[in-house]
Amino acid sequence: MSPPEPPAAPGPVVTTIEPLPAERGLSASPRAGVRQRLRRALSREMLISVALGQVLSLLICGIGLTSKYLSEDFHANTPVFQSFLNYILLFLVYTTTLAVRQGEENLLAILRRRWWKYMILGLIDLEANYLVVKAYQYTTLTSIQLLDCFVIPVVILLSWFFLLVRYKAVHFLGIVVCILGMGCMVGADVLVGRHQGAGENKLVGDLLVLGGATLYGISNVWEEHVVRTLGRVEFLGMVGLFGAFFSGIQLAIMEHRELLKVPWDWQIGLLYVSFSACMFGLYSFMPVVIKRTSATAVNLSLLTADLYSLFCGLFLFHYKFSGLYLLSFFTILIGLVLYSSTSTYIAQDPRVYKQFRNPAGPVVDLPATAQVEPSVTYTSLGQETEEEPHVRVA
């Protein structure tokens with residue numbers, strides 16, 4: 001009987017390792033990453049903010065259409081009176097609200113502390129409207145449309161130095177795309193021969209537009225500061241108070257004769273009511289959008305207002321259509337989405353800016369011995385993305 005064979009040596013153990021889900025999709029990760037970034041960029045909050053900006057543009061469209069009917073069809077050239085009606089509405093709604101408040105938020109308490117600041121703000125807001133409207137008598141529509149974009153660099157610079165807002169490359173890219181869309185619209189106006197106005201003294205008209213755009217920029221940045229720190233009702237109540245005061249004086253001095261020439265009837269009355277409703281809605285709603293986004297984002301959104309007026313003019317005034325108008329509209333919207341796709345931030349300390357630029361950083365804790373004040377706040381049209389580092393200052 002032969003001895004039993006020894007057991008065979010065990011063979012090599014083969015272990016199968018299942019790839020992790022992230023590893024299985026590694027080859028498709030760049031495409032998945034792009035889709036994920038797009039979903040984050042086109043977030044619900046960002047789209048709502050862009051839509052709110054377009055509501056402001058539609059209100060400005062209504063203001064422009066009613067003004068056009070008043071000046072061209074009924075020869076009622078009363079820009080100061082139209083502003084006066086809006087300031088009176090603001091006074092009746094918001095200034096009286098401040099008057100019935102108690103404590104430190106009462107109208108008299110606010111006037112004792114900050115009356116001279118709001119007096120300057122009310123005068124700036126009034127003259128910004130007046131200068132741009134007055135420019136139509138001297139220069140062409142093309143010049144006004146182009147030079148009115150000057151408000152954007154004014155707002156950016158004032159926000160940078162006074163509100164300490166810091167922008168990223170994508171913000172500047174979005175701004176450039178928006179301005180290119182505006183230039184496309186102006187080019188379309190020239191090609192289709194849209195009415196350009198008299199342009200009898202272009203230098204004076206161009207200077208008026210630049211002055212008005214500068215004052216608009218100052219007013220918008222000041223508005224953002226007041227709305228974020230003191231509240232919407234205080235801002236509108238003070239603008240209504242001092243705007244009504246100064247516009248009333250200017251109306252009595254400069255425009256009382258024009259007002260007497262207006263051929264009053266129910267149609268003109270309806271146009272004035274419509275203008276005042278659109279202007280009051282714009283003033284009441286703009287602080288809400290500015291607080292949600294920023295003064296820069298709002299002014300970029302308002303670039304589409306001329307296009308809405310043009311689309312209405314195709315039916316009301318039989319303007320000629322050009323495909324460049326649609327190209328301009330969608331170019332501006334693309335620029336808005338680019339600008340809105342990431343957050344701006346406010347930095348008060350250079351080390352915070354250095355930490356913020358760290359692309360891989362999770363939450364960074366600076367040493368407690370540094371004694372730095374909290375100095376980062378996000379203000380954005382969109383939600384923060386996960387790639388954006390959060391900085392916490394001790």
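**Exercise 1. Find where helix α11 bends, and which proline follows.**

Solution. Step 1: α11 bends by about 30 degrees at F285. The bend at a residue is the angle between axes fitted to the seven residues ending there and the seven starting there. Step 2: a proline, P287, follows within four residues. Step 3: place the helix. α11 covers residues 266-292. Helices are DSSP runs (H or I, at least four residues), numbered from the N terminus. The model is predicted; local features need pLDDT of at least 70, side-chain atom pairs count only at pLDDT 80 or more, and totals for chains, interfaces and linings use all residues. Residues are numbered from 1 along each chain as its sequence is written, and side-chain values use heavy atoms, with hydrogens and water left out.

**Exercise 2. State which residue caps the N-terminal end of α11.**

Solution. The cap is D265. One of its side-chain oxygens lies 3.1 Å from the backbone nitrogen of Q267.

**Exercise 3. Describe how α4 and α10 cross.**

Solution. Step 1: α4 spans residues 79-100 and α10 residues 232-261. Step 2: their axes come within 7 Å and cross at roughly 150 degrees. Axes are lines fitted to C-alpha atoms, for helices over the stretch in contact, and angles run from 0 to 180 degrees between N-to-C directions. Step 3: α4 is therefore roughly antiparallel to α10 (angles over 145 degrees count so). Step 4: the crossing is left-handed, with the near helix turned anticlockwise from the far one by less than a right angle.

**Exercise 4. Describe the packing of α4 with α5.**

Solution. Step 1: α5 covers residues 107-135. Step 2: the angle between α4 and α5 is about 160 degrees, and their axes lie 12 Å apart. Step 3: the two helices are therefore roughly antiparallel.

Conventions
Parallel < 35°, antiparallel > 145°, perpendicular 65-115°, else oblique. Expected span 1.5 Å × (residues − 1). Polar contact = N/O pair within 3.5 Å; in protein donor to acceptor, adjacent residues only side chain to side chain.
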